[in-house]
Amino acid sequence: MNIHEYQAKAVLREFGVAVPEGAPAFTAEEAVKAAERFGKGTVVVKAQIHAGGRGKAGGVKLVKTLEEVRAEAQRMLGMKLVTKQTGPEGKIVNRVYIEEASNIAREHYLSCLIDRATSRVTFIASKEGGVDIEEVARSTPEKIATIAVGPAGYSGYVGRRLASALKLEGEQVKQCGRLAEQLYRAFLAKDMSLLEINPLIVTGEGQILCLDAKINFDDNALFRHPDMTALRDESEEDPREREAHKHDLSYVALDGNIGCMVNGAGLAMATMDIIKLYGAEPANFLDVGGGASKEKVAAAFKIITADTRVKGILVNIFGGIMRCDTIAEGVIAAVKEVGLKVPLVVRLEGTNADIGREMLTRSGLDVTAARDLDDAAEKIVAAVGKGR
């Protein structure tokens, strides 16, 4: 689960992290009132969406008067902001963040995440922070430092190594050590999967500040954090993924045109791979799980058919715990309710596979049976006219 910048900064404040003062606003009037708190100095109006690259896309503006605050808030609120991370469809701005301006002397990059290769909490830092960090990673990866926290937990050497990587000196080294420990404590306490500060700035006065903050939480740990769950902004989420979450389905929307319904993450990945092998693109990752009910399968099928980009559907089930007749029941129920307007290829193997195939045959649905995964992928790709 992701949250907005202003929410992330509020979470970090709980752990003593230094961030600029600011306030969210949902209307232009609220934006003006928030700016009045900072006197007549320069403030920043920031569009709040769950994506980076806002500055280059016109979603971050420095303003000097209340009239400019009102004008920028009116411009941003309701606009579709298109960045490198949103894709061409963009995201609608429903709120802005009014923040006091900072005297920026240097910009750095700092993040904290789980390194899956080592199973350790790891800091990533670069002296070359700011809006072009992706380009730094591509062209000069040697400028990016990786510092893992040992099995015994946080130690002072982590902060010192980060300070060295960022070329900090004097009092800033101590500030960096405190910041690293604060971020580490926040990361663990809130079960984060990603904590990114870009930019981490050094002000003209020598203070280290987190000028932006992005936090992702581990969805599997949210039951421990109802306060964090309350921060969820459903308007930022794909409606299909939101619907899948209600039914406890693992669903990720993709850019292709062949919808996939599979049981098991590994089989789902293999199914997407073989669709690409035959020259087409999957429209989604959808794992119904090992013990799905008829109702759950029907919900999954409806989510796939609701995607207007889907021109064909591949159901690929290997029944172990999952019974193939349950899959057939769910597919039949969903098709009878929403109809079937695109080709459907079904491959069933394992527990009650013969029963499931017979149910689909007797249903009268226009279903193409497949012998195996290779046969299924070839048939669905040919049916949508995207064969290699």
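Lys302 is partly exposed, with a relative accessible area of 28%; the classes are buried under 20%, exposed over 50% and partly exposed in between, using a 1.4 Å probe on protein chains only. This is a predicted model, in which local features need pLDDT of at least 70, side-chain atom pairs count only at pLDDT 80 or more, and totals for chains, interfaces and linings use all residues. Residues are numbered from 1 along each chain as its sequence is written, and side-chain values use heavy atoms, with hydrogens and water left out.

The side chain of Lys302 meets that of Glu337 in a salt bridge at 2.8 Å, N to O. A salt bridge here is a side-chain nitrogen of Lys or Arg within 4 Å of a carboxyl oxygen of Asp or Glu. Glu337 lies in helix H11 and Lys302 in helix H10 (residues 294-305), so the pair links distant parts of the chain, 35 residues apart. Helices (H or I, at least four residues) and strands (E, at least two) are DSSP runs, numbered from the N terminus. Glu337 is exposed, at a relative accessible area of 57%.

Helix H11 (residues 324-338) also holds Glu329, which counts as partly exposed at 33% relative accessibility. Leaving aside neighbours within four places in sequence, Glu329 is in contact (heavy atoms within 4.5 Å) with Lys294 and Met359.

In helix H12 (residues 353-363), Asp354 and Arg357 are three residues apart and therefore separated by about one helical turn. Their salt bridge has its closest N and O atoms 2.5 Å apart. Asp354 is exposed at 57%, whereas Arg357 is partly exposed at 29%.

## A buried pair and its network

The whole structure contains 28 salt bridges. One of them joins the side chains of Lys46 and Glu99 at 3.0 Å, N to O. Lys46 is in strand S2 (residues 43-47) and Glu99 in strand S6 (residues 96-100), so this pair ties together parts that are 53 residues apart in sequence. Both Lys46 and Glu99 are buried. A network of salt bridges links Glu5, Lys9, Lys46, Arg54, Glu99 and Asp212.

## Strand pairing around S7 and S8

Strands count as paired if DSSP finds at least two bridges between them. S7 (residues 104-115) runs antiparallel to S10 (residues 192-203), joined by eight bridges, and antiparallel to S8 (residues 120-126), joined by seven. Ser111 has Glu196 as its bridge partner in S10 and Ile124 in S8. The hairpin of S7 and S8 has four residues between the strands, and Ser119 there takes a positive phi near 60 degrees.

S8 is in turn joined to S9 (residues 144-148) by five bridges, again antiparallel, with Thr122 opposite Ala148. Five of the seven residues of S8 are buried. In S10, Thr203 is buried with a relative accessible area of 5%.

## The largest pocket

The largest pocket has a volume of about 1,300 Å³. On a 1 Å grid over the protein atoms alone, a pocket is an open set of points where a 1.4 Å probe fits, with protein on both sides within 12 Å along at least five of seven lines; lining residues have an atom within 4 Å of a point. Of its 36 lining residues, the closest to the centre are Glu237, Asp238, Glu241, Arg242 and Tyr251.

Helix H8 gives the most to the lining, with six residues.

Notes: Grid points are joined across faces, edges and corners, and a volume is the space filled by probe spheres set on the points.
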